[in-house]
Amino acid sequence: MKFSQLTVFSKLLLGFSVLIAMMLLLGVVSLLQLSVNNNRIDELSSSSLPGVRYSLEMRGALSETRLQQIQYIDSKTPEEREGHRKELLQNADAFLAAFKNYQTVANSEDKKALIKVIGENFSGFNAVNATLVDTVNRGDLAEASKISGASSSKYRSQLMKDLARLVDMEVATAKDIVASADSTYRTSQYYVWGLLLLALLTTAIIATVISRNISRQLGGDPHYAQEIMTEIASGNLTAQIQLRQGDNSSLLASINYMNQQLMSIVHTIMSGSESISLASNEIAQGNSDLSQRTEEQAASLIQASANMQ
């Protein structure tokens with residue numbers, strides 16, 4: 001079935017269906033883009049930001065360990081030395097806690113390989129710390145200073161470099177996620193605006209097609225068709241109906257044909273009425289002549305009867 005053969009209701013229903021479909025498509029695309037951005041935000045909050053935090057916690061614990069080593073060696077009393085020893089152990093535990101937490105959020109092979117190296121170096125660093133504690137307990141402070149300045153420094157420096165590299169990797173990952181989210185946002189904008197413009201254009205096209213189709217079926221403006229029908233209904237069969245060139249199937253064309261047929265019928269009736277009126281006059285004249293002749297014959301008979309008497 002052609003579009004022009006559909007009813008007005010069907011045309012309007014089709015137009016609104018297309019518009020609703022465009023709005024649904026717009027909604028689906030927007031939700032998909034929002035979902036992508038939400039995944040980016042989840043990745044940033046659950047991986048990159050915690051990764052930066054745990055890396056910095058390890059660096060902080062390592063720096064604090066260096067300070068505690070110096071204070072441990074320079075302690076004046078056994079109580080003070082024992083306090084710094086406990087702080088050394090606490091810093092080691094803090095480092096290991098941050099290390100284990102980081103392992104749960106490492107999301108690339110490079111990060112996993114680097115955190116493995118950091119763990120191995122920290123094991124060596126802890127072994128040096130244990131040697132340092134034993135040396136101090138023996139009272140050999142000079143040897144303890146050498147251990148803190150040489151053996152411990154080797155591991156500590158490498159750990160600091162590796163942790164700095166780890167922080168840089170996490171920051172780079174975070175920047176990539178932010179850039180990806182920004183790109184997704186801009187792409188979403190293009191999609192949404194594009195679909196909105198497409199929806200508006202489609203709506204305008206459908207409205208124009210439906211309007212032109214209805215106008216073509218009516219043969220003109222609906223208000224003009226109403227005025228013509230009112231004129232004919234009031235008895236004005238001489239109303240001139242303006243039709244488009246080549247229009248022979250619209251409502252106005254049908255009204256024009258009906259109007260012409262009505263005028264033809266009225267003319268036929270009027271012609272018949274005139275013929276009947278003429279015939280009636282002739283009959284009346286004939287009756288008058290017959291009556292006159294009848295009266296004359298009656299008078300002649302009366303006269304003849306009188307003469308015979």
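## A word before we start

A pocket here is an open set of grid points, on a 1 Å grid over the protein atoms alone, with protein on both sides within 12 Å along at least five of seven lines. Its lining residues are those with an atom within 4 Å of a point. Keep in mind that this is a predicted model.

## The overall picture

The protein chain is built from six helices, with zero strands. Reading from the N terminus, the order is simply α-α-α-α-α-α. The radius of gyration comes to 55 Å, well over the 19 Å that the globule rule gives for 309 residues, so the chain is more spread out than a compact globule.

Along the principal axes, the C-alpha atoms fill a box of roughly 200 × 35 × 25 Å.

## Two helices side by side

Now look at helix α3 (residues 109-137) and helix α4 (residues 141-218). They pack at an angle of about 160°, and their axes are 9 Å apart. Because angles over 145 degrees count as roughly antiparallel, that makes α3 roughly antiparallel to α4.

The crossing of α3 and α4 is left-handed. Residues in this contact divide into 17 nonpolar, nine polar and seven charged.

## The largest pocket

Inside the largest pocket is about 160 Å³ of space.

How values were computed:
Residues numbered from 1 in each chain as written. Predicted model: local features only at pLDDT ≥ 70, side-chain atom pairs only at ≥ 80, totals over all residues. Heavy atoms only, no water. Axes fitted to C-alpha atoms, helices over the stretch in contact; angles between N-to-C directions. Helix = DSSP H or I, 4+ residues; strand = E, 2+ residues; numbered from the N terminus. Parallel < 35°, antiparallel > 145°, perpendicular 65-115°, else oblique. Left-handed = near helix turned anticlockwise from the far one by under 90°. Nonpolar A, V, L, I, M, F, W, Y, C, P; charged D, E, K, R; others polar. 1 Å grid on protein atoms, 1.4 Å probe; cavity = no way out; pocket = protein on both sides within 12 Å on 5 of 7 lines; lining within 4 Å. Points joined across faces, edges and corners; volume = space filled by probe spheres on them. Rg over C-alpha atoms; globule rule 2.2 N^0.38 Å.
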